[in-house]
Protein chains: 2
Amino acid sequence: MSKQDKREEIVRAAMELIAEHGFHGAPMAMIAEHAKVGAGTIYRYFENKDILITELYRDLEEKMFPVIREGYELNKPIRERFIHLGTGLLRYFIENPLDFRYLEQFHNSPYGVEHRRDKILGEKEGCHEFRDLFEEGVSRQIIKDFPLVLLFALSFGPLVSTARDHILGFVTLDDDLITRIIEACWDGIKK
Amino acid sequence: MSKQDKREEIVRAAMELIAEHGFHGAPMAMIAEHAKVGAGTIYRYFENKDILITELYRDLEEKMFPVIREGYELNKPIRERFIHLGTGLLRYFIENPLDFRYLEQFHNSPYGVEHRRDKILGEKEGCHEFRDLFEEGVSRQIIKDFPLVLLFALSFGPLVSTARDHILGFVTLDDDLITRIIEACWDGIKK
DNA sequence: TAAAACGGAATGAACATTCACTCAGCATGA
DNA sequence: TCATGCTGAGTGAATGTTCATTCCGTTTTA
């Protein structure tokens, strides 16, 4: 196995185990075993578990952003753009349940809260599309006049909740339902 | 300290520490110390940590339901009833951040998922108000025709996200904002 | 004063991380 | 060309730490 392959095997195994069992349900020894690698080998690629966890997250972000942006057209009406981004994101979560579960684990941990704080205070988002959309919508009086953080909460809250329900098997989302859900999200924030 | 007091001290300490640091950041020894109690004493009241955790949750549910129901009037219009329940819940979360954080910890853990699965499959909710409201709203064509689980996700998703943002200090919710948020939730589910 | 409740040191299990060692592959020199 | 030595990735047993839980001597209660 090449060096690159080995790193990828570790990432894959860590992702799977953490997504499924949480950070504390995925000991390094188990990750090593699933990656078919010695326990010590992981430490040749990642300084420690914390760093493995945050690098996994960074990898994921970089993988997601282009997918969300795909087919996004700035000249379309705001509502249409919102629906495009929203369905894209929800679809991504449903098609990549492991990614979604990993994101949830990360966000519900001290890592995630810190990360979020940095982002909000430092304004250093990795994906400007939603923010720009909200700002434009508010200034053009199309979207309710809430602080940006709340517009995010009002849009992503239901989106994430529905994705979770689908992935946990409490409901089955098809294309029609996905569209209607995102439209409902839009109804929540539009004026 | 009386026996009852001791139990309450343990519950309070466990609640505080778990809400703040998560299940894994709140060792039994630390809980004991904060409750000013020997480590072994906890085990006289709770068989083990899992049982402590789930009983804490049950206590919380029983404490919350009456607060949410307070002032609820079945003869009011559906929209008004929804706003009443919603603002009550959001207000409760904001006034009891520890309770909220504990609920989040619980729901994002294997305990919570199992609990939720039981609830949804067994239809054994502890609080029927929201469900009844949604069912009535759907059948009277006032609320969008989504499966019940999705109506919950669409309502609670944003509610929980905004509560979290407030508690983590990303935004400050006042009475006006709370009302507008719940109205936005309503806009999301109403036809 | 017998019984129940406590306290907290002791125990053992589960981990993250380390480190001494192996060995495949490559370079060097004869 | 082949023998020899070197390098550094890879390994997994060993280490040290952090818990949950237990156990027994002590204190409180009735």
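**Entry 1: positive phi**

I began just after α8(B), where B:Gln141 takes a positive phi of about 65 degrees. Helices here are DSSP runs of H or I with at least four residues, strands are runs of E with at least two, and both are numbered from the N terminus. I noted that this is a predicted model, in which local features need pLDDT of at least 70, side-chain atom pairs count only at pLDDT 80 or more, and totals for chains, interfaces and linings use all residues. Residues are numbered from 1 along each chain as its sequence is written, chains are lettered from A and ligands numbered from 1 in the order in which they are written, and side-chain values use heavy atoms, with hydrogens and water left out.

Then I looked up A:Gln141. Its phi is near 60 degrees, a positive value in a residue other than glycine. A:Gln141 sits in the loop between α8 and α9 of chain A. A:Gln141 is exposed, at 55% relative accessible area. My cut-offs, with a 1.4 Å probe and protein chains only: buried is under 20% relative accessible area, exposed is over 50%, and partly exposed is in between.

B:Lys36 has a positive phi too, near 55 degrees. I found B:Lys36 in the loop between α2 (28-34) and α3 (39-45) of chain B. B:Lys36 is exposed, with 68% relative accessible area. I wrote down the background: most residues other than glycine have a negative phi.

Which residues of α8(B) are buried? I listed B:Glu129, B:Phe130, B:Arg131, B:Leu133, B:Phe134 and B:Gly137. Their cover includes α4 (49-69), α5 (78-95), α9 and α10 (175-189) of chain B.

A:Ile142 lies in the loop between α8 (129-139) and α9 of chain A. A:Ile142 is partly exposed, at 28% relative accessibility. I set aside residues up to four places away in sequence; A:Ile142 then touches A:Ile78, A:Gly137, A:Trp186, A:Lys190 and A:Lys191. Contact means heavy atoms within 4.5 Å. A:Ile78 is 64 residues from A:Ile142 in sequence, yet their C-alpha atoms are 8.1 Å apart.

Is B:Lys144 buried or exposed? B:Lys144 is buried, at 13% relative accessibility. B:Lys144 belongs to the loop between α8 (129-139) and α9 (148-167) of chain B. A polar atom of the B:Lys144 side chain lies 2.5 Å from the backbone oxygen of B:Gly188. Beyond its neighbours within four places in sequence, B:Lys144 has contacts including A:Ala184, A:Asp187 and B:Asp187.

**Entry 2: where the chains meet**

I counted 30 residues of chain A in contact with 30 residues of chain B. The buried area is about 2,800 Å², and carbon and sulfur atoms give 69% of it. Buried area is the accessible area (1.4 Å probe) that two parts lose on being put together, summed over both.

How many salt bridges are there between chain A and chain B? I found four. A salt bridge is a side-chain nitrogen of Lys or Arg within 4 Å of a carboxyl oxygen of Asp or Glu. One of them joins A:Lys144 and B:Asp187, at 2.8 Å from N to O. On the side of chain A that touches chain B, α7 (110-122), α9 (148-167) and α10 (175-189) each give two or more residues. The largest share, 10 residues, comes from α9(A).

Over all chains the count is 36 salt bridges. A:Arg116 pairs with B:Asp165, the closest N and O atoms being 3.0 Å apart. A:Arg116 is in α7 of chain A and B:Asp165 in α9 of chain B, so this pair joins two chains. A:Arg116 is partly exposed at 26%, whereas B:Asp165 is buried at 3%.

B:Glu136 forms a salt bridge with B:Arg81, again with 3.0 Å between the closest N and O atoms. B:Glu136 is in α8 and B:Arg81 in α5 of chain B, so the pair ties together parts 55 residues apart in sequence.

**Entry 3: cysteines**

I looked for disulfides (cysteine sulfur atoms within 2.5 Å). The cysteine sulfur nearest to that of A:Cys185 is in B:Cys185, 10 Å away. A:Cys185 is buried at 3% relative accessibility, and B:Cys185 is buried at 4%.

How values were computed: A polar contact is a pair of N or O atoms within 3.5 Å; within protein, one must be able to donate a hydrogen and the other to accept it, and residues adjacent in sequence count only if both atoms are side-chain atoms.
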